[in-house]
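Here's a quick briefing to read alongside the structure. Have the viewer open and follow along.

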Amino acid sequence: MPGSIVGLVGKQRSGKTLMSYLLAKALYQTAKRSGYLLRCYSNLYSPDDDFMTYISSISDIPLDLEPKIVLIDEIYNGCDAQDYKKLKDISIFLNTIGKQNCLFLYTTIEAGMVYNRFRNQTNTFILVKKTGDVVQYRFFYPDTGTYKDLQLELSPELFANVHYDTNFIPVVFDWKMDSWNEKLQEYYRRYYPDVL
């Protein structure tokens, strides 16, 4: 899990946010059954879920070595591939995902909308297509060129334990690195004082 990046790609209302949520929740519940609290940080608005902490900024994510999930819905909304001014700073966060023991999930309408350094380091792409009440998911593993298919039928039972607000439009995610860099300096002071 540490350093893994999963990108969910599909048209609007196709079911990509649903799968990202279900994955995060399943991992949280599996860890909880093992006696471990796996934290999850997301810009999904889900106040009725106890496993997910709402964030709207990179500075809301703690810089520590404890296992965690970060789920950013509609990642291009703040991390657009065309916004070159921010991209160098975002690389600092991206390059620490593994060291932070972090699983990073993101959703996007189209892969080309996402900063190329995220795309290039994505371990699994989940391609999403909805037809009627059926959502088809193709889990594609670019390192091996292999894939697995999964199909979900949308039903009231499926949504019984889904609590995120499907009508919530994520605010532009704030990728400003100022406070993140302060956390990084504190991290160095704590663990590598000789570096400073």
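Is C40 buried or exposed? In this predicted model, C40 counts as buried, because its relative accessibility is 1% and the cut-off for buried is under 20%. The notes below start with the cysteines, then move to salt bridges and strands.

**Cysteines**
- C102 is buried too, with a relative accessible area of 1%.
- The cysteine sulfur closest to that of C40 belongs to C102, but at 9.4 Å the gap is too far for a bond.
- A disulfide, after all, is a covalent bond between the sulfur atoms of two cysteines.
- Seen from the other end, C102 is in no disulfide either, with the sulfur of C40 as its nearest cysteine sulfur, 9.4 Å away.
- The disulfide count comes to zero.

**Salt bridges**
- The count here is seven salt bridges.
- One of them joins the side chains of K16 and E74, at 4.0 Å from N to O.
- K16 sits in helix 1 (residues 16–33) and E74 in the loop between strand 4 and helix 2 (84–94), so this pair ties together parts that are 58 residues apart in sequence.
- Both partners, K16 and E74, are buried.
- K176 and D174 also meet through their side chains in a salt bridge, at 3.8 Å from N to O.
- Here K176 is exposed, with a relative accessible area of 56%, while D174 counts as partly exposed at 27%.

**Around K68**
- K68 belongs to strand 4, which covers residues 68–72.
- With a relative accessible area of 0%, K68 is buried.
- K68 makes a salt bridge with D64, and the closest N and O atoms are 2.9 Å apart.

- Strand 6 (residues 124–131) pairs with strand 7 (residues 134–141) in the antiparallel sense, over seven bridges.
- F125 has F140 in strand 7 as its bridge partner.
- The hairpin of strand 6 and strand 7 has two residues between the strands, and G132 takes a positive phi near 60° there.
- Strand 7 also runs antiparallel to strand 8 (residues 146–153), joined by eight bridges.
- V134 has its bridge partner in strand 8, namely E153.
- In the hairpin of strand 7 and strand 8, with four residues between the strands, the positive phi is that of G145, near 75°.

Methods: Residues numbered from 1 in each chain as written. Predicted model: local features only at pLDDT ≥ 70, side-chain atom pairs only at ≥ 80, totals over all residues. Heavy atoms only, no water. Buried < 20%, exposed > 50% of the residue type's maximum accessible area, 1.4 Å probe, protein only. Disulfide = S-S within 2.5 Å. Pairing = 2+ DSSP bridges.
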